[in-house]
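Please examine the sequence and the three-dimensional structure shown below. The paragraphs after it give a guided reading of the coordinates.

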Amino acid sequence: MSNDENFAAAYREHYWAVSRYVARRLDGRSSEVEEVVAEVFTVAWRRRADLPAAPLPWLYGVARNCLANAVRGYGRRRRLVDRLGNDESAHGRQVAAGPDAEAPGSWVHDALARLSPADQEVLRLTAWEELGVEEVAVVLGCGVRAAAMRLHRARRRLRAEIDRLAVLGGAGR
Amino acid sequence: MADELELLRSANPFTSDGPLYGDGPLDHHAERRLNRLLHDRRSRRCRLLWSLAATVAVAATVLTLVLGGPSSTPAVAAPRALVVQAHSTPVSLKQLAALAAAVAADGTPALRRGTHVQSWSLGMSDGKPPVTVPEERIVRWNADDSHTERDIEDGRVLKETTFPPSWSDVPPDARPPHDVAGLRAYLQETAYSKTPLTTPELLSAVGELLDHWTLGARESAALARLLAGADGLRPVGEVTDRLGRHGQAYVYQRSASRLMLIMDPATGAVLGLENTFTKDQPEYGVKAGDVMEYSAWTR
């Protein structure tokens with residue numbers, strides 16, 4: 001298959017997985033999710049000669065870079081504006097379908113949010129994108145041993161936060 | 001109690017069999033984008049060029065600062081909204097734009113990539129009163145297209161990150177033009193809008209621009225002219241901004257908040273933007289007069 005065909009196959013196969021990856025990190029703000037995903041595949045298209053045989057972790061790596069750029073510019077303002085909900089300058093970018101605040105998962109999200117961004121990412125890649133440690137290493141651009149170590153430490157810290165929340169609110173027991 | 005990874009798995013907000021972003025055939029938009037990539041390559045704009053090897057340091061510091069949490073910056077007393085000086089004479093934006101055009105005749109100072117911004121913004125979290133988060137950020141670009149971002153607190157560098165070379169021709173990363181029509185289109189693209197911007201959207205996009213670029217005299221003149229044509233932006237008089245600089249203030253009143261644009265009366269450059277609540281919002285723990293967000297830009 002040519003590079004173009006490989007790219008088209010990867011696009012069709014992984015479009016929704018990449019969308020979920022982005023949505024999980026943008027709290028589901030749908031108009032932004034689409035923008036970022038479009039950017040991910042535009043970048044991937046340019047780099048299609050480098051597309052590996054297992055493209056998904058590589059695509060997540062591209063998405064991670066795109067998100068870092070998007071978040072740097074917009075995250076701060078939007079978060080405040082989204083909180084207000086009815087603010088005009090939000091122009092329709094409110095949360096579209098974030099996780100239900102009443103869902104049993106919400107306190108786990110709280111525990112996750114208390115960790116460092118690096119800890120959060122390695123945990124999400126493992127639990128939500130269901131990647132193995134070798135694949136996590138591809139996304140993070142680090143060695144397998146370093147990825148395993150990061151995951152180990154992040155799990156320990158998540159455990160501590162969960163326990164703390166459980167003690168504070170009796171949640172999850 | 002379940003394993004922490006199990007708990008996290010069960011809290012996955014978007015699953016492959018979920019209603020949103022679940023696996024399945026591509027939708028119309030996704031299909032069209034793929035076709036455009038495959039067949040339309042010549043006419044496509046060169047949007048983004050990346051050095052993929054670049055391990056982009058996670059830019060979530062900002063998020064951490066805003067969201068609060070155990071490791072965040074401690075709350076400080078919220079600074080008060082700027083006060084317009086009594087009996088000062090308002091200068092119209094038209095007058096200011098004319099002044100800016102005259103000052104820009106020799107083209108100095110020049111446009112510079114990067115920014116120096118001090119901001120104060122209300123960080124909110126559920127069940128806790130809002131806190132004002134101060135932030136000072138300096139972004140400097142180098143000749144090889146790498147850049148360094150510094151987060152500063154009380155004159156101390158909290159965090160310094162150097163990013164590898166990167167390029168983009170998408171606003172607000174792309175170089176801003178110094179003609180009014182070009183700048184208008186640039187700001188519209190910055191705001192991801194398909195329609196002409198309303199005044200609040202325009203001001204928000206201006207903030208975005210100034211968070212990326214330190215405008216030169218020519219860009220400031222074009223911006224002043226653009227702002228002079230914005231609906232509902234009313235001159236109210238003189239203020240002294242939080243950095244002690246004299247400014248002319250222009251106000252846009254919204255249903256529950258007020259936007260104030262602060263311009264340099266000597267050069268017509270934008271000095272700052274302030275967003276203040278004008279109604280109590282008890283569910284968010286904010287009162288009329290509280291400043292939601294304030295940014296001050298310096299060279």
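What follows moves from confidence and overall composition to helix packing, and then to individual backbone details.

The model is predicted, and its scores are ipTM 0.79 and pTM 0.53. For chain B the mean pLDDT is 82, with 84% of the residues at 70 or more.

The composition of each chain may be considered next. Chain A contains seven helices and zero strands, so that, in order from the N terminus, its elements read α-α-α-α-α-α-α, as a DSSP assignment numbers them. Chain B, by comparison of composition, has seven helices and twelve strands. Of the 173 residues of chain A, 45% are classed as buried; of the 299 residues of chain B, 34% are. In chain A, 59% of the contacts between residues at least 6 apart in sequence join residues at least 24 apart. In chain B, 57% of the contacts with a separation of 6 or more are accounted for by residues 24 or more positions apart.

Within chain A, helix α5 (residues 117–127) illustrates burial at the level of one element. Eight of the eleven residues of this helix are buried, so the helix is largely enclosed by the rest of the structure. The buried residues of α5(A) are A:Asp119, A:Gln120, A:Glu121, A:Val122, A:Leu123, A:Leu125, A:Thr126 and A:Ala127.

Helix packing is the next topic. Two packed helices are described by the angle between their axes and the distance between the axes. Within chain B, helix α4 (residues 93–103) packs with helix α7 (residues 217–228) at an angle of about 160°, and their axes are 8 Å apart. Angles over 145 degrees count as roughly antiparallel, and α4(B) and α7(B) are therefore roughly antiparallel to each other. The crossing in which α4(B) passes α7(B) is left-handed. On the α4(B) side the contact involves B:Leu93, B:Lys94, B:Leu96, B:Ala97, B:Ala100, B:Ala101 and B:Val103, which meet B:Ala217, B:Ser220, B:Ala221, B:Ala224, B:Arg225, B:Leu227 and B:Ala228 of α7(B). By class, the residues of this contact comprise eleven nonpolar, one polar and two charged.

The axes of helix α2 (residues 30–46) of chain A and α2(B) cross at roughly 25° and come within 11 Å. Angles under 35 degrees count as roughly parallel, and α2(A) and α2(B) are therefore roughly parallel to each other. Their crossing is right-handed. The contact is formed by A:Glu34, A:Ala38, A:Phe41, A:Thr42 and A:Trp45 from α2(A), together with B:His29, B:Arg33 and B:Leu37 from α2(B). The residues of the contact of α2(A) with α2(B) divide into four nonpolar, two polar and two charged.

Individual backbone details in chain B complete the reading. Most residues other than glycine have a negative phi, and most peptide bonds are trans. B:Tyr21, although not a glycine, has a positive phi of about 65°. B:Tyr21 is placed in the loop between α1 (4–10) and α2 (28–39) of chain B, and it is buried, with 25 other C-beta atoms within 10 Å. B:His87 likewise is not a glycine and has a positive phi of about 65°; its place is in the loop between α3 (61–67) and α4 of chain B. B:His87 is exposed, with 6 other C-beta atoms within 10 Å.

The peptide bond between B:Thr108 and B:Pro109 is cis, with omega about -5°. B:Pro109 belongs to the loop between α4 and β2 (112–125) of chain B. Another proline, B:Pro134, is found in strand β3 (residues 128–141) of chain B. B:Pro134 counts as partly exposed, with 18 C-beta neighbours inside 10 Å. The C-alpha atoms of B:Pro134 and B:Ile152 are separated by 9.6 Å, the two residues being 18 residues apart along the chain.

Notes. Residues numbered from 1 in each chain as written. Chains lettered and ligands numbered in written order. Predicted model: local features only at pLDDT ≥ 70, side-chain atom pairs only at ≥ 80, totals over all residues. Helix = DSSP H or I, 4+ residues; strand = E, 2+ residues; numbered from the N terminus. Buried ≥ 20, exposed ≤ 12 C-beta atoms within 10 Å, placed from the backbone. Contact = placed C-beta atoms within 7 Å. Axes fitted to C-alpha atoms, helices over the stretch in contact; angles between N-to-C directions. Parallel < 35°, antiparallel > 145°, perpendicular 65-115°, else oblique. Left-handed = near helix turned anticlockwise from the far one by under 90°. Nonpolar A, V, L, I, M, F, W, Y, C, P; charged D, E, K, R; others polar. pLDDT = per-residue confidence, 0-100.
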